[in-house]
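Q: Please take a close look at one part of this model. How is it put together, and which charged side chains meet there?

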Amino acid sequence: MLMRAASQSLTEQLAAHFAERIGDRLLAAGTRLPSVRQCAEQHGVSPATVVAAYDRLLAQGLVEARRNRGFFVREQRAAAPASAVASPSLAASPAWRRQVDAAALMRGMFQDGSQLPQPGIGVFPVDWLAGDIVATAVRRVTAGQGLKALSLQYGDPAGDPGLRLALSHKLAGINVPAAPEQIVTTVGATHALDIVSRTLLRAGDHVMVEEPGWAIEFARLQALGAVILPVPRRADGPDLEVMARYCETHAPKLFVSVSVLHNPTGYCLAPGSAHRVLTLANAHGFHIVEDDTYSHLAPDHATRLSALDGLQRTIYVSGFAKILAPGWRVGYLAAPTDLVERLRDTKLLATLTTPALLEQALAWCIEQGQLRRHAQRVRTRLDQARARSVKLARAAGCQFVSEPAGLFGWVDTGVDTEALAMRMMDEGYLLAPGALFHAGRKPGTLMRINFATTQAQTVWKVFERVRAAM
């Protein structure tokens, strides 16, 4: 029986329960653990707690994850005593910290069936998104023979021509000069980043990435065998002195940057810093990947490297999952002309083409002004939510280490946020501890909050109670 008042968190207790049964041979090698949802129901905990417990068992080498099948008990060649594998001190060990990774956070997001607002997620609540617009757009492009035409043949490898034309016009509005021929559509912005990395990098290549930064980007680059060079992100842009030293010492191939509404700090790049970054890129021959995922929330006049550079050494990446329809997974990249064919070929090897039906529907949303009007409504609603969330966070004793802007806040809680995150999981809330946003899993007191999901006082009351109990 799991005890909420125990010295261990529910995650620790659940992991210890399975570790003991595995150690005592009550769960034989090859046995499938209960599904996340089944386990949550059996033990009266949230799905996020189960995901964290299973990830702990994975880190200990007691189970293995099989794609689309779940978690299975591993063969133990030299089994340690159950008391050793279930030791509570493991929670504070460096090995454990490395294993509570970005993938675990994402699994928790997708498995969580709770109706509670989740402070750590990276998306808008469902009721903020444009359901009616999406439905109308799909009906438009599938009317008559449209559905048959779009379903019975592959689309253009570079992406639907109509969408690429619409994107070209859209980019011109923020001063990024991209002809339709320079644009390649992708299965979301993350896929676009992956295409760039797989095209330009080889295992062992050095890549500069802003820190703190997007947890998934660190994990993705590490999985490809890249050597990450963390560049401290300041209010006006990346630390240029650190970048210059990296260029002299490591000859990096790539710099990954979020110029506008940086995740997680909310910073926006200053023009002076942008010019110096481009000077470094030209002098040392590296490319810049500019991730503009949050462009729909930012002012058009915000400084973008791709606009200043004219897509010479820059590759612009963006998408529509955050603002419009996450399930569509439509993103794109705009690149220098001499790289487009290589990038398109990488896409072909991975996905052949992307869904023309969804791309044509998105083109309709852009051309008819539906996307622009929807984005404006979301920005207005987000401004209101941010004001409420900031007030509540400060009342709860948190301090903002950067000026609140965009979707995310970067706050100092005063306690170890990895431990705090585990305790909040017991209450059904998913947090995003600051360690996830550092390439080296640096523990600390910072965490990222989503302004859209932290504007209710109930979240902060639970936060205060859990933090006080620590």
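A: Here is a walk through the sheet, then its helices, then some salt bridges. The model is predicted: local features need pLDDT of at least 70, side-chain atom pairs count only at pLDDT 80 or more, and totals for chains, interfaces and linings use all residues. Residues are numbered from 1 along each chain as its sequence is written, and side-chain values use heavy atoms, with hydrogens and water left out.

The open sheet has 8 strands, ordered S3-S10-S9-S8-S7-S4-S5-S6, with mixed pairing. Helices (H or I, at least four residues) and strands (E, at least two) are DSSP runs, numbered from the N terminus. Two strands pair if DSSP finds at least two bridges between them. S3 (183-186) and S6 (237-238) are edge strands with a single partner each, so one side of each has no neighbour in the sheet. S5 (residues 227-234) and S6 run antiparallel, joined by 2 bridges. There, arginine 233 stands opposite proline 238.

Helix H11 (residues 215-223) lies across S4 (206-211), S5 and S7 (254-257). Its angle to S4 is about 165° (axes are lines fitted to C-alpha atoms, for helices over the stretch in contact, meaning heavy atoms within 4.5 Å; angles run from 0 to 180 degrees between N-to-C directions).

Arginine 233 also forms a salt bridge with glutamate 210 (2.9 Å, N to O). A salt bridge is a side-chain nitrogen of Lys or Arg within 4 Å of a carboxyl oxygen of Asp or Glu. This pair links S4 to S5, 23 residues apart. Glutamate 210 is buried at 3% relative accessible area, and arginine 233 is buried at 7%. Buried means under 20%, exposed over 50%, partly exposed in between (1.4 Å probe, protein chains only).
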